[in-house]
Amino acid sequence: MSEQDYVDTIDNNDNNSNDNHNDDEYEKVCFVCHRPESVAGKMINLPNNMCVCNDCMQKSFDAMNNMNFGGAIDYSQLMNMPGVQFLNIDDMSQQISKQQRVKKKKEGEKATPLVDIHNLPAPHKIKASLDEYVVGQEYAKKVMSVAVYNHYKRVATDSMDDIEIEKSNMLMIGPTGSGKTYLVKTLARILDVPLAITDATSLTEAGYIGDDIESVVSKLLAAADNDVEKAEQGIIFIDEIDKIAKKKNASQRDVSGESVQQGMLKLLEGSEVEVPVGANSKNAMVPLTTVNTKNILFICGGAFPDLDGIIKERLTKQSAIGFGADLKDKYDHDKKILEKVTTEDLRNFGMIPEFLGRLPVVFTLQGLTEDMYVKILEEPKNAILKQYQKLLALDEVKLDFTEGALRAIAKKAMEKDTGARALRAIIEEFMLDIMYEIPKDDSIGQVTITQEYIENTGGPIITLRGQEVPRLESQA
Ligand SMILES: Nc1ncnc2c1ncn2[C@@H]1O[C@H](COP(=O)(O)OP(=O)(O)OP(=O)(O)O)[C@@H](O)[C@H]1O
Ligand SMILES: [Mg+2]
């Protein structure tokens, strides 16, 4: 039997078993070299839903032939070797999981836009949905809503005419705990384009321990069900971007800082990149696929600690001479200092100019104020207070906070300077006793947290069942 005959028989044998296999949408992947069908060419089907590409099949025939004539391996010896087992074919077919398989590209068809241009959510609608969750940060919400809206439009018109609308990648700067990650997560929830949120912290230059830079695109691919076309129209948010700043006076090769920025240049600008499917780095065992990042919108975000110091230094230096000279500490308590950021400041922080040039839209989030803290406590759809009220409602106890108590919590949070995350820590602390004591006593109907209780000068007001009062406003 010639090689080709053999191949054909295998092909035929397996056709029936493949028919009832319903993942036709996914590309076949060579079981030996892990290349997908679009790269390696037509696959040869083997039993148990495995496939092998022509090259690998040929190689194995060659190997067999060489052995026959050259006598490289003595099979009788092989079986007696310790640790040698028979292969279990069933195990092998499990090796390439669905996670690692790419959806087939539809031949000849143009990319189908994900969104219908007449039903786009307008920027004010996107912002309204953000408003339900995120307090303040009006400017940031506006910029992002418009960016997303334009992104939708670009995706929708992509295949329509010659005028190509270019994307504008964004850089978001804001103090810790001011809602950067939260904003994007909320956005992800209300959008229906694929959106991947990734961290820059684990990225390293290819070849070093850590994730390859292309893994950010892999995440988007996973978010789009391994559908390359869909992923090419998605949004990638890269958090903690400040952590890849160039290290100052580093004598070794900077594999997790500057090199990552350099590696990201081509992604940001738009190019064909080879990405690992279902894995974080390229190696022999993962299939690769090509994704064009031309239409992928990148949003980078970071806290950029100490950036305010750099801005302050620049501002005071600028005006240090002449009559208009500012006092040295003029900007020390300026909450809006970050808004004055320029590319020069970011460069001083350690971002390379080529990187910054590819993020044309730079916007900042404000540090939270006392009023914002109070609002964050009670207003968003899943506000912390609402969460605790729900918890106690299960015990049929009503939980209330006086205005004064809210202010006192906000003041405490301001002191910690860790943003809105401090709120949870503070509330957790004094709710402990209440959560412990309340279920003991069935007659309690309402608990009111007072300013005195927060400030450790008094206790909460406990009201018995049947005597509940509406919210006390006395201390406000
Ligand atoms: N403006 C806001 N409105 C409502 N909730 C907020 C706001 N800012 C922060 N929070 C709350 O604080 C939490 C932490 O915020 P987030 O994770 O967005 O911080 P961050 O800006 O990403 O900080 P970091 O730079 O440290 O990562 C959020 O989960 C959210 O509950
Ligand atoms: Mg964050």
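1. In this predicted model, a salt bridge forms between the side chains of Glu214 and Lys266, with an N to O distance of 3.4 Å. Glu214 belongs to the loop between β4 (195–199) and α9 (215–223), whereas Lys266 is part of helix α11 (residues 258–269), so the contact ties together parts that are 52 residues apart in sequence. Glu214 has a relative accessible area of 11% and is therefore buried, since the cut-off is under 20%. Lys266, at 39%, is partly exposed.

2. A second salt bridge pairs the side chains of Asp345 and Arg314 at 2.7 Å, N to O. Distant parts of the chain are linked here: Asp345 is in helix α13 (residues 343–349) and Arg314 in helix α12 (residues 307–318), 31 residues apart. Asp345 and Arg314 are both buried.

3. One network, joined by salt bridges that share partners, contains Lys127, Asp131, Glu138 and Lys141. Within it, the side chains of Lys141 and Asp131 meet at 2.6 Å, N to O. Because Lys141 lies in helix α7 (residues 138–157) and Asp131 in helix α6 (residues 123–131), this pair ties together parts that are 10 residues apart in sequence. Lys141 is buried, with a relative accessible area of 1%, while Asp131 is partly exposed at 33%. The count of salt bridges in the model comes to 17.

4. Turning to the strands, β1 (residues 43–46) and β2 (residues 50–53) run antiparallel and are joined by 4 bridges. Leu46 has Met50 in β2 as its bridge partner. The two strands form a hairpin with 3 residues between them, and Asn48 in the turn has a positive phi of about 65°. Both faces of β1 are covered: Met43 and Asn45 are buried on one side, as are Ile44 and Leu46 on the other.

5. Gly41 is located in the loop between α2 (37–40) and β1. Its relative accessibility of 28% places Gly41 in the partly exposed class. The C-alpha atoms of Gly41 and Cys53 are 6.8 Å apart in space, and the two residues are 12 residues apart in sequence.

6. Which residues form the negative surface patch? The patch consists of Asp395, Glu396, Asp441 and Asp442. Asp441 is found in the loop between α18 (421–437) and β11 (444–449), and it counts as partly exposed at 35% relative accessibility.

Key. Residues numbered from 1 in each chain as written. Chains lettered and ligands numbered in written order. Predicted model: local features only at pLDDT ≥ 70, side-chain atom pairs only at ≥ 80, totals over all residues. Heavy atoms only, no water. Patch = residues over 30% accessible without salt bridge, like charges linked within 9 Å, V, L, I, M, F, W, Y side chains within 5 Å. Areas by Shrake-Rupley, 256 points an atom, 1.4 Å probe, with all protein chains shown as cover. Salt bridge = Lys/Arg side-chain N within 4 Å of Asp/Glu carboxyl O. Lys, Arg positive; Asp, Glu negative; His and termini not counted. Charge placed at Lys NZ, Arg CZ, Asp CG, Glu CD. Buried < 20%, exposed > 50% of the residue type's maximum accessible area, 1.4 Å probe, protein only. Pairing = 2+ DSSP bridges.
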